[in-house]
Amino acid sequence: MGEVTSPSAPVVTTGYPWPIETTRLSNGLRVVVSEDRSAPVVCVNLWYDVGSRHEPAGQTGFAHLFEHLMFEGSVHVKKTEHMRLVQGNGGSLNATTNPDRTNYFETMPSEHLELALWLEADRMGALVPALTQETLDNQREVVKNERRQRYENVPYGDAWLRLLALLYPEGHPYHHPTIGSMEDLNAASLDTFKAFHQQYYAPNNCVLTVVGDASAEEVKALAEKYFGALEVVPDIPPAPSGHIVAPATTPVRETVTAAVPAPRIYVSHRTHPFGTKGYDAITVLATILGNGRGSRLYQRLADGKRIAQPDYIGSYGVDLAHAPAPLIITATAKDGVDVATLEEGLAEVVGSLVTEPVTEEELNRAKAMLTTAWWRSLSTVGGRADTLGRYTTQFGDPETVAYRLPQWLAITADDVTEAAAYACKPESRVTLTYLPETKEDKA
C-alpha cells in the first residue's frame, strides 16, 4: 500500500464571501447590509460604541445596566412589549455588553423587518422620557442579582473580575468589569442615568447591520424612515486612552481561598490589541497551547504528567480592541495534586512555546480549528450581522472582516514563537490561584 499523505490545506482568499453594502444617514447612523436570500430570515443588529471602557469614574456599570433598561419600555412601547412583539412574531432577541461596546439584536422572519427596525429606533430615541425611578430601581436589583448568580455565588466565578484589576492599572478603561460597582449604581440619580443614555445612545454612535432576506435599498429606505429623524449628539466624549506601551515588568499574584472544589490557577498576560498581527499570532498561540485534546497543555499536563483535570484546562484570548488584550491560561488540579506542582507544570508548558518551536502539525491543527470556528460563527445571519457590526465599529469598515481568517492562516511558526517571547515572559505574568476552603477557614 502506498504512503497516504494528508491533503493540503485549502487556499482561503476571503473570510466573508457574501455581499456587503454600506451607507451613512445624514445623522451619522452607519447602515451595513449583507443580502442572503437562502432563507426568509433577517437579523437586525445594533452596535453602540459604548461599553464599560467609556464609563467615567463613579459611573461604572452604567453601560451594562442600560442593556437591561432598553427592554423596559419607551414612549411608544410598553414595558416588556419589545420582547413580546419580537417573540410573538416568530423572532428571537437578546443584548450583551462588554468593555468595548453594547449590542442589541433580533432575528426575525423577513416579513417583520420593518417591525424590528421600528422597535430599535424607538428605544434609541424615545427611551429616556419613559424611564422612571421605579424602573431604574427594579433593574438595579436585577443587576445585583445577576452579579450574585454569575460572579459571587459560583465557584471561580469572580476570576474575570479579579484578573482585570490585576492586569490593568487603576484608572485604565479595562481595569473595572462590565458588571460595575454596586456602589456606583446605587449612588447615581435618575437624571444621571438619563444623561448617560442621551450622551451615547445616538445615531452617530451606532452601527445598524442587517443580514439576510432583504435588499440594501429596502433596508436603507426603512432606516431612513425610522432612524432618519433622530438627532445627532454632538461631542460624544471619547473613551479614556487604553494605551499601554509594553507588557508588565513585575509579576503580580493573588491567592483566593473560597468554596471551590479543587485548586485552580489562572495565568494571564497582556498581549496586543485585537485586530493586529500580534494578536493574530496570540490567537494561533492560544489554540496550540490550550484548545482541545491535541493541545500542549492537554498532552503534557492532563495526559502526560496527569496533574490537571482534562475538562478544566485551556487557554484563550479575550478579543479586546482598544488596549493590549489578555491571554488567559488555566488549569485545575487533579485530586491529590499540590497547587505548586500544577503551577510549575503550567509555567513549563507555557515556556516551551519559546524553547520548543511549534511543529507543522501543531500549526496546521490550530489553523484548521480556527477555520472551523470562523465559518461556524458566520453560519447564521445573526453571527454575520454581529461580526459585520463589530468590524464596522472597531475598524471603520465592514469589508475588513474578509481579512481576519486569511490573516490567521498567514501566521507562521516563527510568528508564534515571537509572540510567546514577547507576551509570555515570567516578569509580565499575572497569577490568580484559587484554593479550597478548609474546615478551619469555615470555622
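What volume does the second largest cavity have? The second largest cavity has a volume of about 30 Å³. This is a predicted model, in which local features need pLDDT of at least 70, side-chain atom pairs count only at pLDDT 80 or more, and totals for chains, interfaces and linings use all residues. Residues are numbered from 1 along each chain as its sequence is written, and side-chain values use heavy atoms, with hydrogens and water left out.

**Overall form**

- The protein chain contains 16 helices and eleven strands; helices (H or I, at least four residues) and strands (E, at least two) are DSSP runs, numbered from the N terminus.
- A compact globule of 443 residues would have a radius of gyration near 22 Å, and the 23 Å of the protein chain agrees with this. The radius is taken over C-alpha atoms, and the globule rule is 2.2 Å times the number of residues to the power 0.38.
- Along the principal axes, the C-alpha atoms fill a box of roughly 70 × 60 × 40 Å.
- Of the 443 residues, 55% count as buried, where buried means under 20% relative accessible area (1.4 Å probe, protein chains only).
- Among contacts between residues at least 6 apart in sequence, 81% join residues at least 24 apart; a contact means heavy atoms within 4.5 Å.

**Helix H3**

- Helix H3 (residues 113–125) has 13 residues and should span 18 Å at 1.5 Å a residue; its end C-alpha atoms are 19 Å apart, which agrees. The expected span is 1.5 Å times one less than the number of residues.
- Ten of the 13 residues of H3 are buried, so the helix is largely enclosed by the rest of the structure. Among them are Leu 119, Asp 122 and Arg 123.
- The cover over the buried residues of H3 includes strand S3 (41–48), helix H2 (81–88) and strand S5 (102–109), as well as helix H7 (190–200), strand S6 (206–212) and helix H8 (216–227).

**Cavities**

- On a 1 Å grid over the protein atoms alone, a cavity is a set of points where a 1.4 Å probe fits but cannot get out, whereas a pocket is an open set with protein on both sides within 12 Å along at least five of seven lines; lining residues have an atom within 4 Å of a point.
- Grid points are joined across faces, edges and corners, and a volume is the space filled by probe spheres set on the points.
- The residues lining the largest cavity include Met 70, His 82, Leu 119, Asp 122 and Arg 123. H3 gives the largest share of this lining, three residues.
- Pro 19, Val 33 and Ser 215 are among the residues that line the second largest cavity; strand S2 (residues 30–35) gives the largest share of that lining, three residues.

**Pockets**

- The largest pocket has a volume of about 520 Å³. Its lining has 24 residues, of which Thr 283, Asp 319, Leu 370, Trp 374 and Trp 408 lie nearest its centre.
- By class, this lining has eleven nonpolar, eight polar and five charged residues; Ala, Val, Leu, Ile, Met, Phe, Trp, Tyr, Cys and Pro count as nonpolar, Asp, Glu, Lys and Arg as charged, and the others, Gly among them, as polar.
- The second largest pocket has a volume of about 440 Å³. Of the 23 residues that line the second largest pocket, Thr 97, Arg 150, Tyr 151, Trp 160 and Thr 178 are the closest to its centre.

Technical notes
Buried means under 20% relative accessible area, exposed over 50%, partly exposed in between (1.4 Å probe, protein chains only).
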